[in-house]
Amino acid sequence: MNVTRLDEARPYEAPGHFDMRMFRLQGREAGPSDTLWMGLSWLLPGSHTALDASPIEKHYVVVEGELTIIAEADGRQEEVTLGRLDSCRIAPGEGRKLENRTNRPAAVLLAMPLKPAAPG
C-alpha cells in the first residue's frame, strides 16, 4: 500500500497551466504505480490551461467548485461546465482547455496513464 497525505503531497509544475497549484497524489514521484498517476489541481478564479492535445487520455473529476472544459477534436469545439463530483474523459489526441470562470477556487482530480496504450 502507498499512502499520500495531502499535507505531504509534492507540488509539480506543468507547462501551459496558469494560476494553478498542482499536487501529485499517486504515481511518479508520489510513489509506485504500474499503470497510472493521479494529481489534484487547485484552480484560482480566472485560472486556465492552454488548449492542448496529448497522446494520453485524461480523466477529470471536479472535487470542489465549478470547472469549464473546452474540448477540440476534428476542428470542432465542445464546451461543458462541470460541478462537484461531475467527471469527464478527454480522449487521446483530443485538445482540452480547463477554465475557472467563477470567483471561487475549484479543485479537480486528474488520473491518466503513465504512457499511451499500445495499439491493439
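Lys 58 touches Cys 88, Arg 89, Ile 90, Arg 96, Leu 110, Ala 111 and Met 112, leaving aside residues up to four places away in sequence. The model is predicted. Lys 58 sits in strand β4. At 10% relative accessibility it counts as buried, because the cut-off for buried is under 20%.

**The pocket**

Lys 58 also belongs to the lining of the largest pocket. That lining has 22 residues, and Ala 14, Pro 15, His 17, Lys 58 and Arg 96 lie nearest the centre. Arg 96 is also among the contacts of Lys 58. Strands β2, β3, β4, β8 (95–99) and β9 each give two or more residues to the lining. The largest share, four residues, comes from β2. By type, the lining divides into 13 nonpolar, five polar and four charged residues.

**Strand pairing**

Five bridges join β4 to β9, and the two run antiparallel. His 59 stands opposite Ala 111 in β9. Ala 111 is also one of the residues that Lys 58 touches. Eight bridges join β3 to β9, again antiparallel. Here the bridge partner of Trp 42 is Ala 107 in β9.

**The core**

In soluble globular proteins, nonpolar side chains tend to be buried together. The largest nonpolar core in this model has 20 residues. Leu 43, Tyr 60, Leu 67 and Ile 69 touch the most other members. Two or more residues each come from β2 (17–26), β3 (36–49), β4 (58–64), β5 (67–73), β7 (87–90) and β9 (106–113). Strand β9 gives the largest share, four residues.

Leu 43 has contacts beyond its sequence neighbours. Not counting residues up to four places away, it touches Asp 19, Met 20, Leu 67, Leu 98, Asn 100, Arg 104, Pro 105, Ala 106 and Val 108. Two of these partners, Asp 19 and Asn 100, are taken up below.

**Asn 100**

Asn 100 is placed in the loop between β8 and β9. The C-alpha atoms of Asn 100 and Thr 68 are separated by 6.3 Å, although the residues are 32 apart along the chain.

**Positive phi**

Most residues other than glycine have a negative phi, and most peptide bonds are trans. Asp 19 has a positive phi of about 60 degrees and is not a glycine. Asp 19 lies in strand β2. Leu 85 has a positive phi of about 70 degrees, and it is not a glycine either. Leu 85 is found in the loop between β6 (76–82) and β7.

**Accessibility of the named residues**

| Residue | Relative accessibility | Class |
|---|---|---|
| Lys 58 | 10% | buried |
| Asp 19 | 45% | partly exposed |
| Leu 85 | 56% | exposed |

Why does Leu 85 count as exposed? Its relative accessible area is 56%, and exposed means over 50%. Asp 19, at 45%, therefore counts as partly exposed.

Note on methods. Residues are numbered from 1 along each chain as its sequence is written. This is a predicted model: local features need pLDDT of at least 70, side-chain atom pairs count only at pLDDT 80 or more; totals for chains, interfaces and linings use all residues. Side-chain values use heavy atoms; hydrogens and water are left out. A nonpolar core is a set of buried Ala, Val, Leu, Ile, Met, Phe, Trp, Tyr and Cys residues joined through side-chain atoms within 4.5 Å. Buried means under 20% relative accessible area, exposed over 50%, partly exposed in between (1.4 Å probe, protein chains only). Contact means heavy atoms within 4.5 Å. On a 1 Å grid over the protein atoms alone, a cavity is a set of points where a 1.4 Å probe fits but cannot get out, and a pocket is an open set with protein on both sides within 12 Å along at least five of seven lines; lining residues have an atom within 4 Å of a point. Ala, Val, Leu, Ile, Met, Phe, Trp, Tyr, Cys and Pro count as nonpolar, Asp, Glu, Lys and Arg as charged, and the others, Gly among them, as polar. Two strands pair if DSSP finds at least two bridges between them.
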